[in-house]
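User: I would like to learn how to read helix packing and pockets in a model. Could you take me through both topics?

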Amino acid sequence: MNPTVTRPAWTTDLELEIFEKIINQHAPHLPKKRLHETKPPETTEEIENFYRFRVAGAAHDLFIVQVCANIIGQIPDPELQLFLSQQIGDDGAHAENTRRRAQVISGRDPIEDIQRQVQKHWDYMGDLPIRNWQGFLAFELHYEMHIVASLLVNSRTSKISDPESAKFSATRIQPEEAFHRVGVVKWWQRKYDQASPAEKADLVAQILELDEEGQNRRNPYLKEHWQLTHTAIGTDIDDLPKIYDAWRQEVLAYFLDTPVSRLPQLVSVND
């Protein structure tokens with residue numbers, strides 16, 4: 001699999017371009033923009049479902065914090081360490097904001113529920129995120145890059161939201177997560193571009209193998225989380241497996257500088 005693609009800079013504009021291409025192919029019925037306003041959760045059932053959804057979001061971010069804090073001293077790369085120090089602070093702030101909003105909405109502090117969900121992430125992922133730098137990259141791919149398309153679907157089709165959480169997301173989470181994705185891309189490209197042709201081929205094989213392992217590990221969680229998201233905020237998830245698989249292909253093609261058509265058969269979220 002020889003690299004043959006000239007990569008443009010990874011930006012939110014490029015993400016939207018890729019996403020629209022995927023939507024046009026796999027889910028043309030999805031709206032190009034939000035068609036209706038959301039409402040806050042109101043009934044007891046809506047509040048409880050929304051609470052569970054926010055706990056899951058806080059757990060996702062806290063798991064990232066725990067992994068990055070674990071790995072930051074293990075990889076002797078000061079540029080990476082400086083980037084991770086910011087990622088830890090950002091995702092810690094995201095998790096804490098989500099925790100406090102869940103507490104306001106439900107009337108109870110969700111910290112123990114959050115940590116239980118974090119432990120599920122560790123149970124699913126095992127030692128992959130902290131095994132070596134390649135495993136950590138696979139973790140970053142799955143927790144920062146591969147989820148973007150599903151988040152974009154959520155942003156266009158959700159029916160329930162918390163206005164204060166939405167405001168925090170627009171002003172803090174969205175720009176900071178975009179920064180994280182660019183940081184992951186830059187870290188990988190710096191390592192990849194410094195490698196010899198033989199080393200590059202070996203790196204591609206390693207990353208593909210570990211990303212596939214990560215997908216196998218994540219599949220049960222993703223299916224459960226998408227159903228939770230649909231129940232809690234009313235998102236359209238019918239075509240999400242096809243969208244997710246196509247998005248992941250595009251991300252790997254970009255990272256490995258290889259056309260999608262030349263990637264091997266990848267694990268599907270439905271496998």
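The dialogue below turns to helix pairs and then to pockets.

Analyst: This is a predicted model, in which local features need pLDDT of at least 70 and side-chain atom pairs count only at pLDDT 80 or more, while totals for chains, interfaces and linings use all residues. Residues are numbered from 1 along each chain as its sequence is written, and side-chain values use heavy atoms, with hydrogens and water left out.

User: At what angle do the axes of α2 and α6 cross?

Analyst: Axes are lines fitted to C-alpha atoms, for helices over the stretch in contact, and angles run from 0 to 180 degrees between N-to-C directions; helices are DSSP runs (H or I, at least four residues) numbered from the N terminus. Here the axes of α2 (residues 44-71) and α6 (residues 133-145) cross at roughly 160 degrees and come within 12 Å. The two helices are therefore roughly antiparallel, a term for angles over 145 degrees. Their crossing is left-handed, meaning that the near helix is turned anticlockwise from the far one by less than a right angle.

User: Which residues of α2 and α6 meet?

Analyst: With contact taken as heavy atoms within 4.5 Å, H60, F63, I64, V67, C68 and I71 in α2 meet F136, F139, E140, Y143 and E144 in α6. By class, this contact of α2 with α6 holds eight nonpolar, one polar and two charged residues, where Ala, Val, Leu, Ile, Met, Phe, Trp, Tyr, Cys and Pro count as nonpolar, Asp, Glu, Lys and Arg as charged, and the others, Gly among them, as polar.

User: How is α3 oriented to α8?

Analyst: The axes of α3 and α8 lie 10 Å apart at an angle of about 155 degrees, which makes α3 roughly antiparallel to α8. The crossing of α3 and α8 is left-handed.

User: How much space lies in the largest pocket?

Analyst: Rolling a probe the size of a water molecule over the atoms shows where empty space is left. On a 1 Å grid over the protein atoms alone, with a 1.4 Å probe, a pocket is an open set of points with protein on both sides within 12 Å along at least five of seven lines, and lining residues have an atom within 4 Å of a point. In this model the largest pocket holds about 1,400 Å³, and of its 47 lining residues, L151, N154, S169, I173 and Q174 lie nearest its centre. Helix α8 gives the most to that lining, with nine residues.

Conventions. Parallel < 35°, antiparallel > 145°, perpendicular 65-115°, else oblique. Points joined across faces, edges and corners; volume = space filled by probe spheres on them.
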